[in-house]
Each structure stands twice: as C-alpha cells, then as structure tokens.
Amino acid sequence: MVVHFVIAMVLFSFICDVLGYFTHNIRLFEVAFWNMFVAAIAIFVAIIFGQFEAGLAQVYPAVESTLNFHTVMGWSLGAIVAIITAWRFAIRDRNPLKVPPAYLGAATFLICLVFLQVYLGSKLFWVYGLHVEPVVEAMKHGVSP
C-alpha cells in the first residue's frame, strides 16, 4: 500500500513541476518539492515492506529473475529518489521561482524508471501470481506453476 503512495507522489511531483515550468506558477513548484520530499522518506518504508513481502512469498524458479530485478530496481529507485530530492532541495534553496530543464530531464528519467518498476511489480502479481491466493493454495497442494 505504501508503494502506491510513493508512486502517486513521484508522479504528482513531476506533473506539478512540468505544469509550473510552463505556467510559471511557483505554487506548483512548492507542491512538487514537498511531494518529492515525502516520497523520498516513504520509498524506504515501501522498500522495507517489499523486502518482508518478498521474503514471505513462495518463489519458484520462473519468477526469480523478475523478483531479483524488481528488488534491485526498488533499492536503486530509493537512492535515485533521495538524490533527486536533494537536488530539488538545492534548486529550491537557490531560486524557488524556477526549475531548470536539466532537472525536468532527470525527473523524466525517474518517471520512466518508476513505470518500469510498476511493470515489474504488476508482472509479479498478475503473471506469476505471487501472493495470489489460488496460486498459493495450488503450491501448497504440490502443483507447481
């Protein structure tokens, strides 16, 4: 649940920065900054809960590579969100009225990584059935997916 909160905050922050850049509305920059700030804290809570959930999952060989990639992406996103938030803080501290295009480019890259992570998480649930009750019950009865 926390992970959805983080995804929403990062996306909303990006949208506010883009809209603020084109409309010159500085209030949107403030909203964007605070969303990234809270997301930078919440993402580590999401990572910790994700690690517990992954530890509880019944992992079978077909799912291992996707789960490992999802885990590495999660920790990488934690570091990237923290770095981009620190950069955003420095930008806000120097001039709260502007956001440079380079930051928007980095934020666009971050959004692409978030979409990749969402794809991997969706694949783990909808394709491989991790934590899906019928799949878990089938594995308990010896049926291997």
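The following questions and answers concern a predicted model of a protein with 145 residues.

User: How much of the protein counts as buried?
Analyst: The share is 33% of the 145 residues. A residue is counted as buried when its relative accessible area is under 20%.

User: Why is H1 called roughly antiparallel to H4?
Analyst: Their axes cross at roughly 150°. Angles over 145 degrees count as roughly antiparallel, so H1 is roughly antiparallel to H4. The axes come within 10 Å, and the crossing is left-handed.

User: Which residues make the contact between H1 and H4?
Analyst: H1 contributes Ile-7, Val-10, Leu-11, Phe-14, Asp-17, Val-18 and Tyr-21. From H4 come Pro-101, Tyr-103, Leu-104, Ala-107, Thr-108, Leu-110, Ile-111, Val-114, Phe-115 and Val-118. By kind, the residues of this contact are 15 nonpolar, one polar and one charged.

User: What makes a group of residues a nonpolar core, and which members of the largest one touch the most others?
Analyst: Members must be buried residues of the nonpolar kinds listed for a core, joined through side-chain atoms within 4.5 Å. The largest nonpolar core has 27 residues, and Val-6, Val-10, Met-36, Leu-77, Tyr-103 and Leu-110 touch the most other members. Two or more residues come from each of H1 (2–23), H2 (26–56), H3 (61–94) and H4 (101–127). H4 gives the most, with nine residues. Another core, of seven residues, lies apart from this one and includes Tyr-60, Val-63, Leu-124 and Leu-130.

User: Which residues does Met-36 touch, leaving out those up to four places away in sequence?
Analyst: Met-36 touches Val-10, Ser-13, Val-81, Ile-84, Thr-85, Tyr-103 and Leu-110. For the whole protein, residues 24 or more positions apart account for 76% of the contacts with a separation of 6 or more.

User: How do you know whether His-24 is buried or exposed?
Analyst: The relative accessibility of His-24 is 66%. The cut-off for exposed is over 50%, so His-24 counts as exposed. His-24 is found in the loop between H1 and H2.

User: What is noted about the phi of His-24?
Analyst: His-24 has a positive phi of about 60° although it is not a glycine. Most residues other than glycine have a negative phi.

Technical notes
Residues are numbered from 1 along each chain as its sequence is written. This is a predicted model: local features need pLDDT of at least 70, side-chain atom pairs count only at pLDDT 80 or more; totals for chains, interfaces and linings use all residues. Side-chain values use heavy atoms; hydrogens and water are left out. Buried means under 20% relative accessible area, exposed over 50%, partly exposed in between (1.4 Å probe, protein chains only). Helices (H or I, at least four residues) and strands (E, at least two) are DSSP runs, numbered from the N terminus. Contact means heavy atoms within 4.5 Å. Axes are lines fitted to C-alpha atoms, for helices over the stretch in contact, and angles run from 0 to 180 degrees between N-to-C directions. Angles under 35 degrees count as roughly parallel, over 145 as roughly antiparallel, 65 to 115 as roughly perpendicular and the rest as oblique. A crossing is left-handed if the near helix is turned anticlockwise from the far one by less than a right angle, and right-handed if clockwise. Ala, Val, Leu, Ile, Met, Phe, Trp, Tyr, Cys and Pro count as nonpolar, Asp, Glu, Lys and Arg as charged, and the others, Gly among them, as polar.
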